[in-house]
Structures are given as structure tokens and as C-alpha cells.
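Hello,

Here is the structure I said I would pass on. My notes are below it.

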Amino acid sequence: MSPIVRTEGLVKRYDGTLAVAGVDLSIEAGEIFGLVGPNGAGKTTILRILATLLSPSAGEAEISGMSVTGNPDEVRRVLGFMPDVFGVYDDMKVWEYLDFFARCYGIAAAGRRRMIGDLLELVDLADKRDSYVHTLSRGMQQRLCLAHALVHDPQVLLLDEPASGLDPRARVELRELLRELRVLGKTILISSHILPELEELCTSVAIVDRGQVLAQGRVADIERRLRFGAVLRVRLLLEGEQLAAARDTFASDPDVASAVILDDGTVELGFRGDDAASARLLATSVAAGLPIVSFSRAASDLEELFLQVTAPDREPMEAA
Amino acid sequence: MTDTPADAQIPVTPAVSVRRPPRALPFLRTAGGVAAIGAKELRGRMRGRRAFVIVTIYLSLLGGFAWMVATLIAQSYSNGFGGSSAAFASAAIGQGIFAALLMLETLQVAFLAPSSTAGAISLEREKQTLDLLVATPITSLAIVLGKLLSTLVYVFLLIAASLPLMAIVFVYGGVGPEDVLRGYLVLIATAIGLGSFGLFCSSIVRRTTAATAITIFGVLTVTIGTIFVLAFWAAMGTFDNNGNRQAGPLGIRSPEVLAYVNPFVAQADVLCGTDTNLGSAWCSGV
């Protein structure tokens, strides 16, 4: 199956600064694809090129087989774009806002009314239909902006930091909404800094730094490929010398690279092994009589991956 | 809503709550875009009582001004300045009201139209709504035309609202319907021309404040600046023995093209075309 979003050797320069340095992406239809990277990594530039708002300095980008530079009008008809920072028209009601964008896409009057009702239901703003846009909360405005990107029923959604500035509840609602959109058949390309949420939401990710894709694919696949270690945290019912002895016991395991007692009494292990090795470590520790209260990874897989591949002193890595 | 693991196989169904619109011809697409932008802008501008209150105040001021002009001219005739013919006095009052209203409306249009359009594009940038608009299939031409026309519609509304007031001049005489028509055509041309200039400034300058300042400076240049240059040229010019005007200070003829872009000169030309003229010497200068 050919990818619905594809970039090849995408480059963007701004006055001598290389914002995107040869990015190759391949996203299959129906995926929720996460773009992960630190500030200034080039995520927004990639999304703006795909949204036809920027021209690449070199390389190709295609959506649904159409070039974003050669056929921008047609590309705009199959994608919906939600920028990271967006404003709202002060003097418009919620339904008028959607009606305006539907008109921009040439949707006939008969279809607009029904579509606006459906979209407001989808983003849970039906009761705000006649409210002025500027009176909505930030989370509601985010959902309305997402609804605006859906007025023409696009195949692909480009969402740039859609959860930024939202409170936890609004983030959960947005995440559920994106899942619902995936069920509805949309391909979603989303950039975010909130890694645990992306990990839970995305089918695939690309880790971007300094304009390059450092790793791409399913989180589990990338983890396997890179074979990086993990940070384990172990809490024990021990104190003082007994705790130090337990730390030494962990440190003697061949897969444990380091063992440190934190201020709160937790033992933090730098662990080289995989999931099976960590299960073995837990079993042997319990068998050795260590009173373990909890045994867990310090961060999510994606966070660890992210920190691993975007470390300032990282080795040059072949883009996946 | 239910939790769905990211990797789970989800049955993909067509989402559609709307039918995808058929592709329109380029002209129809642009027209549709203009209509979309126009409807949005007018909806905001005409919402509530604000627009109608402004029209009411505008007409009240215009009516009061016309009454004052009529009273002043009538007073001057009753004091014996300007002749004793009642018919001539009536025509003079009509022409006076016509000239006063037309110049006042030109002043209003010359500043209102460009200052309204000066923020049309730059405000979209400042409010960060331009990206949302540009990411739609709407053409740049449709955005520009939609912004221009929706702004001008309000200016045209003010112009049209003044028509019944202007009809007072027919009661006094001295002004024909064709004069009024010519005057209003100049008003419309002024609104379109200077409104387009404001929109141009708005699209090339990022900040609305700067765009408005440049626009107003441009309008002042076109109105006061051109008259000043022409007056300067006339003052520095010399006449030969036969009374014919010679070349100006730079050794070339007066740059008459400057007068072509000045809406007040155009309206003066309209006024000089009325039945009895506003002083032949002044009109010959125009």
C-alpha cells in the first residue's frame, strides 16, 4: 500500500539556517503518526510545508499522491490543518465560524447546516452553537479549530501541538476525540511535546531533532532497533545499611549498569536489559528476600527513546 | 467514548458527514471565495445596532451641515450680497449645498475607505487567523477581492444613504441629475481607488498600525500634497507677453497628472460642470 503522506529529502532553509535537513517520512492511511522533537527541531516547518503554507527549499512532499508544491489547491482539499498558534475571529458565533470555513471549501448551503451540527456534536460543542467564539475556553477553541479542519471531510489531518496550553481534562478529551477521528478513517499527523500521551495515542512516531528524523516507526520497533537501556526505580521496605546492601545486590546483576539511592529512599537502576531481563531481576530480587514495594520504569518508553536519541552528545545516527 | 489501544486494528469506516464538494471552475471558485469572505466580514460589520447607529449619526451630521450651508447662503442673499434675483439665489443655494455635501462626502470617503481596508490583511496576520484562511482552497484573489468589496459595501451604504439628502438640491435648482450622478461616480471611484491602496498597504506591511499610518500618509499625499505641488508650480510659473503660462521652476510644464489622482480636483471639475458654474475664474483654474 502506498503511503498517504510521503516526504523525500525535504529541506527548508531560512536565511542560512537549516530548519529541515533532508526529512524522509512515510505515513500509511489510517495511522496516527506522532512527530516528536525538542523546540526548534523542525516539526512545525515540516507540518507547514505539508499544509502548503511553506515551500520547501529542496525535496518532495506528497499527500494522497499529489505534490504539495505542484498541486497545492488539490492538496488543500484533502487535508485539514490546525496550527500550533491560531487566533479566532472575535465577532463570530461558533456556527458562523464553521459556516465561513465551509464556504471557503465551496460546500453548498444545504450541506453546511447539517455538517455544522454533526461537527459540533463530534467536538462536543453543540450547546455552544450560538456562543461567540472569543467567549469559549482555550480547550473549546482548540476543539473548534479541530472542527474547522474537518468541515470538508479531509483524508489527512495535520495537527501542530494541538494539546499545548490545555488543562489535563481538556487533553484527555482531545485525545479521545483524535481516537474517534481515527475510527472515522482519518490519517492524523500530530506533533507534540507531551510524550506519554503521544505514546498512548500514536500508531507510529518519528523522532525529529535539528531538522532530521532520527528514528521512525512503531515505538516498540524503534526500541528494539536501538537497544537502549532503561531507568528502573525500586522502592523497598528497608533503610540505612540494609538499603545500601540491597543496592549492592542490584548492582551485582550483569544487566545493571548503575545503582543509586535517591533522597526519597528509592533505588534507581541504570538497566541495560530488555523486558525479560527486568522480569528476571525482579524475580531474583524477591527470591533473595528483598522486600520490594514497587518496581517500575522511571519514564515512558517514548520519553526514554526521546531522551536517548536527542541527547546533546548523541552519536550520529542513521535515520530509520 | 471508549479507550482504544493505539496498535489495535480499528475498522476504518468512511467518515463522512459531508459530501465532498465538486471542483468548481476557477472563476466560480474565486466568486465563491469572495462571497465567503464578504459574508463573514459583513456579518461582523453589520451585527447589532452599531452600523445603523453610525449611519444615523452620519446622516444627522450631514443634514445639519447642509442646513447650515443653506442658511448661510440664504442669509448672504437676504443681506443683498450676490444679487436680487430669487431664482438665481435659489440656484446658488442648491449649488452651495451640492458643493458642500459632495466635498464633505469626498473627504469622508477619501479617509474612511482606505483606513477601513488598511487593517484587512494585517489584522488577519496579527490575530493569527491568516494561516487558517490560506490553508483552504480559497484563492489569494478571492481573499483580496472579498476583503475589498466587503469593506467598500459599508462605504457604499453610507454614500447611498446620503442620496435622499442630496436630493434637496433639486428643490433649490441649479444642479442637474447628471451632476449628482457624476459626483457620485467620482465618490465610488475614490472609494475603490483609495480602498485598494489601503488594502495594498495592509498586505505588504505586517502591523496594522504601520499599515494605517502609511495609508493615511499616502492619502494626504494624494489629496493635500498634489494640490500643494500644483499650487507651488502655479505660483512659480511665469507668463509671456500674451499672458500664456510658461514652464515652471524646473523648466517643464506643470505636472497635471498629479491632478488626475486627486479626488477633490475631480469633484471640483464636477462642480464646475453645473449649470451656472461656481465662478468661472476658479473653474478655469481647475
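This is a predicted model: local features need pLDDT of at least 70, side-chain atom pairs count only at pLDDT 80 or more; totals for chains, interfaces and linings use all residues.

Residues are numbered from 1 along each chain as its sequence is written, and chains are lettered from A and ligands numbered from 1 in the order in which they are written.

Confidence. The average pLDDT (the predictor's confidence in each residue, from 0 to 100) of chain A is 85, and 90% of its residues score at least 70. Within chain A, helix H1 (residues 43-50) has the highest mean, 94, and helix H11 (residues 301-309) the lowest, 66. Helices here are DSSP runs (H or I, at least four residues), numbered from the N terminus. Over residues 315-320 of chain A, pLDDT stays under 50.

Helix pair. In chain B, the axes of H9 (residues 177-204) and H12 (residues 263-272) cross at roughly 170 degrees and come within 9 Å. H9(B) and H12(B) are therefore roughly antiparallel (angles over 145 degrees). Axes are lines fitted to C-alpha atoms over the stretch in contact, with angles from 0 to 180 degrees between N-to-C directions.

Loop residue. Gln128(B) sits in the loop between H4 (122-126) and H5 (130-134) of chain B. Ile93(B) is 35 residues from Gln128(B) in sequence and 52 Å away in space, C-alpha to C-alpha.

Regards

Definitions and conventions. Helices (H or I, at least four residues) and strands (E, at least two) are DSSP runs, numbered from the N terminus. Two residues are in contact if their C-beta atoms, placed from the backbone, lie within 7 Å. Angles under 35 degrees count as roughly parallel, over 145 as roughly antiparallel, 65 to 115 as roughly perpendicular and the rest as oblique.
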